[in-house]
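Trainee: Could you take me through one part of this model in close detail? I would like to start from a single residue and then see what else is there.

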Amino acid sequence: MTESERGPIERPALSRCIRVPADEFAERYWGREPLLSTAAELGAGFDDLFSVAAVDELITRRGVRTPFIRMANEGAVLAASAYTASGGFGAEVADQVSSDKVLAEFAGGATIVLQGLHRLWPPIIDYTRELIDDLGHPAQVNAYVTPPSSQGFDPHYDTHDVFVLQISGEKHWRIHAPVHVDPLRAQPWDQHRGAVARAATGEPVIDAVLRPGDALYLPRGWIHSATALGATSVHLTIGMAPFTRADVVDVLLRGVGENAALRTSLPLGIDLRDEDALAPIVAQTVQALVETLQQTDASRPAAVLANRFDGETRAEPVAPLATLEALEALDASTAVRWRASLPVLVTTIDDRVRIVGRAKTLSLPIEAEQAVRRLAAGGAVRAGELPGLDAESAVVVVHRLVREGFVVAPA
C-alpha cells in the first residue's frame, strides 16, 4: 500500500486540529481522552474552511434542502416546515431553505445546523477528504450556528468522535466523563438519559470557552453541552465514525456457517426455557465457535471492512467537463497524478496489469505496469516521463487512466 493511499506520515490535516504531535495524539487521546487546543497553540485559524459569510451564502443563495439544514431550540429539533418553503417557479420543491423563516427562528433563539458540509462547501469537501486519509476512518462535517446566550442541545453524548473547530464568536463548553464508555451506533445517549443528566450536574473534566481558532477533540461517549456567549457562535463539528473491534466481530461471525457443527439443528422437542437443557448445547457451541474463529485469518475482515470504508468515504471529485477538455490536450508534456484518496490494488495476472479500485477494475497490458505503479505511488509526473513506456504508449495509457477516473490532470 502506498503512502498516497494511507495519507502522509505527518498527517497535516489532523495536525491542524491538535496541539500535540500526531503520534502522541494517537497513543494518548484517540478514543480515550478529550483534548483542548487553543488558537495560540495551533498557530492558525480555520477561516479558510468556513465563515459567517459562508453561513449566509448557504442560506440565501444555495437552495439548501433538508436534511442538509435543520434547526433546534432549547434542545428540541424544529419541524422542517418552520424553516423551509417551496423553491418557487423553476424549482418546485417544498423543502428548500427559506431565509425569512430562518431569520425568524434564529432571532427567536434557535440554532441553525448545516449538515453534510463535506458534500456542500468546497473547502470543507477537500479538507474532510484529507482528514479521512490521515485518520483512516470515515468523517462528516456539520456547522452549528447559535445565537447569543443560547444552548442548542441538552447535555448528551455522541456515538462518534468529534473535532470541534470554533469559527467565530465564543461558546462555553462543559465536558463530563462518560457514563457509557465507547458507545456503538446502536447505543445512543437517550438509552442512558438519567445517568447522563446526573453526570452533567457534577464537576466537569473540561470547563472552557472556545474562541475563534480553538479546537476541541471529544471521544465518543463523553458528555457535553455548549452555550453561546455574547455574540453569534459558529463552529464546525467534524464527526468521525471509527471502526471498532465490534465491527471485526460482526465480520468474523458471518463465517460461522462454514463450521458444520454450528449448522446443526437443536434437539427435537427441546424446551428453550430449560437452562439446564441448553447449558451443554451452549458449551458445545462456544467451543465450535472458538475453533472456527481460531482458524480465521485477517483476509475476510480486511475485505469486508475495506469495502464498507470505500462505501462511506469518497475519493477526490473529478470534473467531467474539465477532464474531457484535458483529454483533448493531453500529450507527453502533460503533468498528471493519481487521483487523491483513491486506494487501489495493483496486481499482475499473466500478461496483464490489473488495477482494482473502489468502483471498477481496469486491465492494461503488462508493459504498463511500471507506469501504473509509479503513478499510484503518488506525486505528479509528466506522461512522457513514465517508466517502462515510450512517449507515445505512455500517452495512450495515461489517456485511459484519466478517462477511467484513476488519474487526474491538474489544471
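Mentor: Happy to! Let's start with glutamine 96, which touches Gly63, Val64, Arg65, Tyr83, Thr84, Ala85, Gly87 and Ala91, leaving out residues up to four places away in sequence; contact means heavy atoms within 4.5 Å. Before going on, note that this is a predicted model: local features need pLDDT of at least 70, side-chain atom pairs count only at pLDDT 80 or more, and totals for chains, interfaces and linings use all residues. Residues are numbered from 1 along each chain as its sequence is written, and side-chain values use heavy atoms, with hydrogens and water left out.

Glutamine 96 belongs to strand S5 (residues 96-97); strands (E, at least two residues) and helices (H or I, at least four) are DSSP runs, numbered from the N terminus. Glutamine 96 counts as buried because its relative accessibility is 16%, where buried means under 20% relative accessible area, exposed over 50% and partly exposed in between (1.4 Å probe, protein chains only). From there, the side chain of glutamine 96 reaches the backbone oxygen of glycine 63 at 3.4 Å.

Now for the nonpolar cores, sets of buried Ala, Val, Leu, Ile, Met, Phe, Trp, Tyr and Cys residues joined through side-chain atoms within 4.5 Å. The largest has 52 residues, and Phe50, Leu117, Phe163 and Leu236 touch the most other members. Helix H7 (residues 122-135) supplies the largest share of this core, five residues. Apart from it lies another core, of 29 residues, including Ala315, Ala376, Val395 and Phe406. Beyond neighbours within four places in sequence, the contacts of phenylalanine 163 include Leu14, Phe25, Tyr217 and Met240.

How values were computed
Polar contact = N/O pair within 3.5 Å; in protein donor to acceptor, adjacent residues only side chain to side chain.
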